[in-house]
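Subject: Structure for your review

Dear colleague,

Please find below the structure that I am handing over to you, together with its sequence.

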Amino acid sequence: MSEGRRVLVRVPATSANLGPGFDTLGLALSVYDELVVTERGEDGLEIEVTGEGAADVPRDDSHLVVRAMAHAYASFGRALPGVHLQSRNVIPHGRGMGSSGAAVVSGLLAAKGLLAGDVEIGPDALLRLATELEGHPDNVAPALFGGLTIAWMDETGPQHKQLIVHRGVAPLVLVPEFTMSTKVARSLQPLQVPREDAVFNVSRSALLIAALTQSPELLMAATEDKLHQSYRAQAMPETDRLVRALRAEGFAAVVSGAGPSVLVLADGPGRRLEAAELAASLVDTPWEALMLAVDVRGGTVKEYSEGST
């Protein structure tokens, strides 16, 4: 590794679950965190953060990006060098848009770039390392690979399949000012569910793949869920009310990840605009409407030079 190597990392936001696909389906969205990491000639960390969470994130080795970098280096028997980290955060924190998964992926891609020529970290290793840190692959898979991803675990570890989303699907994310803890959201779910609810979600998850890749007109039926959203509703009543109101008007609205943001999978830009206008008329507290595209590239890393984008 040459002293002073510098890399630029860009990682998209994600929305997991997408209604019925609990802990399985994820979608990469066109909101990005960017990171410039430079090897220092001496030990230690220098961390600069702007944007989302700048006042709250740690400036030491507990920073999630640094932890992910250290995990990657240790996994390949290398010592983490001193680094200067410049982070520009755009993905909202604690809103169900995959900010922690993006931080994990950012750190792993930074390690991949800095170790290039010494250790080559392939996609399977990236997904494995990311899942070890995040606990499940549904957010990190789309953050790494882009598009719509199906993620699962087998005896060899995490696996994924990337799919291309139909061009008629127009995502809208409605982001509130309040946050939601993923840990709290998960604690509200029962360990067992009725058999008929499990069968219901299996059917809707299968239908959702068809709706997102071939038949957007099926999105309303395909986003129905009985496994997690109703159990979490008590912790975020504003989100629950907004989802119900949008669905009552025919919009495929779901909780984005663990919430509290709301994801609307509209079947066209015109319908998306209608959903945003309806949402604005329904709530009495501020929700930011993000009209997004599906990111198809996933996370990227490249050598940094001034003016890189």
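The model is predicted: local features need pLDDT of at least 70, side-chain atom pairs count only at pLDDT 80 or more, and totals for chains, interfaces and linings use all residues. Residues are numbered from 1 along each chain as its sequence is written, and side-chain values use heavy atoms, with hydrogens and water left out.

Helices (H or I, at least four residues) and strands (E, at least two) are DSSP runs, numbered from the N terminus. Strand β1 covers residues 6–16, and nine of its 11 residues are buried (under 20% relative accessible area, with exposed over 50% and partly exposed in between, for a 1.4 Å probe and protein chains only). Two strands are taken to pair if DSSP finds at least two bridges between them. On that basis β1 pairs with strand β2 (residues 25–39) in the antiparallel sense over 11 bridges, with Ala 16 opposite Gly 26 of β2. β1 also pairs with strand β11 (residues 300–303), again antiparallel, over four bridges; here Val 7 stands opposite Glu 303.

From β2 the pairing continues to β5, in the antiparallel sense and over three bridges. Gly 26 has Thr 149 as its bridge partner in β5, and Thr 149 in turn stands opposite Gln 162 in β6. Seven bridges join the antiparallel strands β5 and β6, which form a hairpin with two residues between them.

The loop residue Asn 17

Asn 17 lies in the loop between β1 and β2. Is this residue buried or exposed? Its relative accessibility is 3%, so Asn 17 counts as buried. Neighbours within four places in sequence aside, Asn 17 is in contact (heavy atoms within 4.5 Å) with Phe 22, Asp 23, Leu 25, Asp 138, His 228, Arg 232 and Gly 257.

The four-stranded sheet

An open sheet of four strands has the order β8-β9-β7-β10, with antiparallel pairing. β8 (253–255) and β10 (287–291) stand at the edges with a single partner strand each, so one side of each has no neighbour in the sheet. Neighbouring strands of this sheet are turned by 25° against each other on average, direction ignored. Axes are lines fitted to C-alpha atoms, for helices over the stretch in contact, and angles run from 0 to 180 degrees between N-to-C directions. Within the sheet, β7 (residues 170–176) and β9 (residues 262–266) pair in the antiparallel sense over five bridges, and Val 173 has Leu 263 as its bridge partner in β9. Helix α9 (residues 237–248) packs on the sheet, touching β7, β8, β9 and β10, and its direction makes about 160° with that of β8. Helix α10 (residues 269–282) also packs on the sheet, where it touches β7, β9 and β10; its direction makes about 15° with that of β7.

Helix α2 (residues 99–115) has 17 residues, of which 15 are buried, so α2 is largely enclosed by the rest of the structure. Its end C-alpha atoms are 24 Å apart, in agreement with the 24 Å that its residues should span at 1.5 Å a residue (the expected span being 1.5 Å times one less than the number of residues). Gly 117, which follows α2, has a positive phi near 95°.

The axes of α2 and helix α3 (residues 123–134) come within 10 Å and cross at roughly 140°. That makes α2 oblique to α3 (angles under 35 degrees count as roughly parallel, over 145 as roughly antiparallel, 65 to 115 as roughly perpendicular and the rest as oblique). The contacts between them include Leu 108 and Leu 109 in α2, and Leu 126 and Leu 129 in α3.

The axes of helix α1 (residues 64–75) and α2 come within 7 Å and cross at roughly 45°, which makes α1 oblique to α2. Among the residues that meet there are Ala 68 and Met 69 in α1, and Gly 107 and Ala 111 in α2.

The buried residues of α3 include Leu 126, Leu 129 and Glu 134; the buried residues of this helix pack against α1, α2, α4 (140–145), β5 (148–154) and β6 (157–163). α3 is followed by Gly 135, whose phi is positive, near 95°.

Yours sincerely
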